[in-house]
Amino acid sequence: MAMSLVAGVLVDRVGLKGSVFLFLSFCLFGSALFGLSISMTTLQPDTRYFLMFAGRFIFGLGGGSITIAQNAITAYWFRNRELAMAFGCTLTMSRLGSVLNFTLTKTLFNTFFGAFYAGDAAMVVHCENSTGTGNGTHHHHGNASSSSFSSPMLWDGQQNHTGQDPVIMVACQSALGATFWCGSGLVALSFGAAVYWLCMHTAEDKRKIARAAESLLEDADDKDSTTKSKSTRKKMKLSDVFEMPVSFWLVVLTICAFYCIVFPFMAIAPDYLTHAKLSSACKHLDTPAAQHKCYSKAQTEAGPYTSLVYLMSAIISPFLGRAVDYFGRRGSLAVLSTSLTIPVFLLLAHTDVNPALPMVLLGLSYCGCAAVLWPTIQYLVPEKVVGSANGIATSVQMLGIGLCNIAVGKLMDASKGTDKPYASLMLFFTVLGCVSVSLALLLKCVDAVRGNKLHAGQRDRERAGAEEGGEMDHDSMVNSPMVNSPNTAL
């Protein structure tokens, strides 16, 4: 939360080039230190823990900040073009990365363990922590996975516990370290992508300077061109933050309220779906074995249902973003998208409908808000403060999510042992949904009073240009009364 504010100011004051490589350096060094601390199996536990903590802290300095720089890069290239679609494509790649991470991490760990473990192949090794939730297992069996181990354990072919082995612990730690080194390799790949982007960015800057110089040579007396050229070189000042429009702050609050619903709910969604929806009939079964089988099935099904939200965002976001760019109506879409959260929690709390329906609705809501709210920031603030604006929005979002996570935990603790342990939680998310809808409605009203900047799309600008008898520049079309009129037909 704190670093997001600093990162936004750095992007605007220092510039994109320096900020991107500073944030990526934090990510690369932090991930490498974390992997190194796990791989160095001879270090004392306290020393390794300190290095792991330091690695995660350093990584955190760059992990959230690079997203702010990424948004500024997207705004630089697509500000007057397909901005929402560009943000949608970025979101798609992010979600695909998450899917690959969850899918491949355990496989990588098992592969590395097979390389590091040179013991008896007949033995079954479990690399698990003290809570029994393994980082990975060479082989997985029911009676072993339900136990809690403080260190790796050995089981023979008949699943009899044979004790602990220091060699096995080293193999488990080495495999875990190698897995995290793969993560560091992916960050290095990001570094390579940043170098390629730097070449593109530098070349584009040179083209802009050349075009500006040609324009000045063609019309040396054109004061507007001179003024415009100078304005592009202005740096962000702290006073610029206080001059940001009211509509920007409403977008920030709407983002905060909406993501306070999505991320805290997604964190407890597998547990909620398992206990409140999918395993409700398990307690009525006759035998403990049947109940256990039913509950295990519910746990397995909860994951795919939960993943529907992110899977939909990965598939739909680019297409929805392109539609937003073309048709506009961002204020109306913000109201519609936030409104979808309310039936989600009413269906979950008061009906026996299949969980797929409310999760699909939440996925649609998430796609809509991601395609509308974040790109909207770039339309409402000057280009010189885009980084600071994204930093403020991210910081407020993180603060809200942190507070809501605490509230969700306390509500869950308070409702334990009751007949409806999740009732207060569903009511809490429903109220947050109403708050986000109210903020979106207020945003739409304020934007209508202040010129309907969020109303026009590419289609409206094309129509305005055709009726004016020629091409209009972006600012002229956005400020055109005809384009901004709320009566423009959809």
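In which loop is Arg 329 found? Arg 329 lies in the loop between helix 10 (288-327) and helix 11 (330-339); helices are DSSP runs of H or I with at least four residues, numbered from the N terminus. The model is predicted, so local features need pLDDT of at least 70 and side-chain atom pairs count only at pLDDT 80 or more, while totals for chains, interfaces and linings use all residues. Residues are numbered from 1 along each chain as its sequence is written, and side-chain values use heavy atoms, with hydrogens and water left out.

Most residues other than glycine have a negative phi. Arg 329 is not a glycine, yet has a positive phi of about 60 degrees. Arg 329 counts as buried because its relative accessibility is 6%. Buried means under 20% relative accessible area, exposed over 50%, and partly exposed in between (1.4 Å probe, protein chains only).

The structure holds 16 aromatic pairs. Rings of Phe, Tyr and Trp (its six-membered ring) pair if their centres lie within 6.5 Å; planes under 30 degrees apart count as stacked, over 60 as edge-to-face and the rest as tilted. Phe 345 and Phe 429 form a stacked pair, 5.1 Å centre to centre with 20 degrees between the planes. This pair links distant parts of the chain, 84 residues apart: Phe 345 belongs to helix 12 (residues 341-350) and Phe 429 to helix 15 (residues 423-449). Both Phe 345 and Phe 429 are buried. One aromatic cluster is formed by Phe 258, Tyr 259, Phe 263, Tyr 310, Tyr 366 and Trp 374.

Met 398 is found in helix 14 (residues 386-414). Met 398 counts as partly exposed because its relative accessibility is 40%.

Terms used. Helices (H or I, at least four residues) and strands (E, at least two) are DSSP runs, numbered from the N terminus.
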